[in-house]
Amino acid sequence: MNIKILRSGDNYIYLIVVDKKAVVIDPASAQSVLATVRESGFHISHVLVTHHHFDHTGGCHELKHAAHCEIVGPAQSSIPGLDREVVDGDIIHTADLDFEVMALPGHTNDHVVYYCREKSVLFTGDVLFVAGCGRILEGTAMEMWNSLQRILALPDETLVYCGHEYTLDNLEFALHIEPNNIDIQDKLEIVREWIDRDKPSVPSTIKVEKLTNPFLRAANEKEFSELRRRKNIW
Ligand SMILES: [Zn+2]
């Protein structure tokens with residue numbers, strides 16, 4: 001399995017490739033995806049969408065028509081061209097891999113993430129970012145907290161691929177919260193260098209996030225809510 005990381009502004013689009021079979025995660029747009037698959041001779045079987053926001057679904061229609069693939073996403077959401085609605089606990093078998101669906105509300109009510117257990121890979125959309133988490137736009141702080149706790153329960157080695165490149169800002173906020181945290185200091189230094197060289201800061205791991213992500217380090221829901229409030233006005 002190979003994961004190609006494509007950018008559309010600060011959005012990440014992922015292309016998971018096994019042999020010539022490809023699965024797309026959250027196509028903000030179709031252009032770069034189609035250029036990559038045409039150039040490499042990949043065949044897209046499925047598009048997996050985490051939530052209904054346009055910057056995660058903007059390429060769905062075009063990909064569906066150009067590649068004749070199936071659009072998969074959460075039920076009761078307004079995802080363009082949705083063919084298959086998924087709920088918590090569903091398993092999508094595609095490109096010889098199984099993706100488990102976890103329903104993790106908070107950022108939006110419909111938000112799901114996709115977990116490939118055999119490869120230890122998690123696509124978190126706008127629930128968990130590297131060193132941060134999504135804004136609570138539709139759900140409650142308690143829902144977001146519970147969603148993050150479910151991610152925290154996954155194995156330490158799990159690779160985290162998130163929906164946006166917000167890492168530098170997130171780490172600066174993290175250091176503001178925990179100025180003496182050496183792991184945050186070290187990671188900030190590395191990420192500054194990556195960003196300077198236009199290198200993506202994904203994937204992270206659950207292990208690294210436990211050490212550096214203030215929203216996963218909060219002791220309880222109250223502390224989490226307070227952090228989220230402070231980050232909103234940061
Ligand atoms: Zn979103």
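Two bridges join strand β13 (residues 159-162) to β14, and the two strands run antiparallel. Leu-159 is placed opposite Thr-205 of β14. Strands pair where DSSP finds at least two bridges between them. Helices (H or I, at least four residues) and strands (E, at least two) are DSSP runs, numbered from the N terminus.

The model is predicted: local features need pLDDT of at least 70, side-chain atom pairs count only at pLDDT 80 or more, and totals for chains, interfaces and linings use all residues. Residues are numbered from 1 along each chain as its sequence is written, and side-chain values use heavy atoms, with hydrogens and water left out.

The protein chain has 9 helices and 14 strands. Its C-alpha trace spans about 50 × 40 × 30 Å along the principal axes. For 234 residues, a compact globule would have a radius of gyration near 17 Å, and the protein chain agrees with 17 Å. This radius is taken over C-alpha atoms, and the globule rule is 2.2 Å times the number of residues to the power 0.38.

Strands β13 and β14 belong to an open sheet of 6 strands, ordered β7-β8-β9-β10-β13-β14, with mixed pairing. Its edge strands, β7 (91-94) and β14 (204-205), each pair on one side only. The loop between α6 (182-196) and β14 holds Pro-203. The peptide bond from Val-202 to Pro-203 is cis, with omega near -5 degrees.

Another open sheet has 6 strands in the order β1-β2-β3-β4-β5-β6, again with mixed pairing. Strands β1 (2-8) and β6 (84-86) stand at the edges with a single partner strand each, so one side of each lacks a neighbour in the sheet. Neighbouring strands of this sheet are turned by 25 degrees against each other on average, direction ignored. Strand β5 (residues 70-74) is joined to β6 by 3 bridges, and these strands run parallel. Val-72 has Arg-84 of β6 as its bridge partner.

Helix α3 (residues 60-67) lies across β3 (21-25), β4 (43-48) and β5. Helix α3 runs at about 150 degrees to β4. Axes are lines fitted to C-alpha atoms, for helices over the stretch in contact, and angles run from 0 to 180 degrees between N-to-C directions. The loop between α3 and β5 contains His-68. This residue is not a glycine, yet His-68 has a positive phi of about 55 degrees.

Helix α1 (residues 31-40) packs with α3 at an angle of about 25 degrees, and their axes are 10 Å apart. The two helices, α1 and α3, are therefore roughly parallel. Angles under 35 degrees count as roughly parallel, over 145 as roughly antiparallel, 65 to 115 as roughly perpendicular and the rest as oblique. The crossing of α1 and α3 is right-handed. A crossing is right-handed if the near helix is turned clockwise from the far one by less than a right angle, and left-handed if anticlockwise. Val-33, Leu-34 and Arg-38 of α1 make the contact with Glu-62, Leu-63 and Ala-66 of α3. Contact means heavy atoms within 4.5 Å. By class, the contact of α1 with α3 has 4 nonpolar, no polar and 2 charged residues. Ala, Val, Leu, Ile, Met, Phe, Trp, Tyr, Cys and Pro count as nonpolar, Asp, Glu, Lys and Arg as charged, and the others, Gly among them, as polar.

Helices α4 (residues 141-152) and α9 (residues 221-232) cross at roughly 110 degrees, their axes coming within 10 Å. Helix α4 is thus roughly perpendicular to α9.
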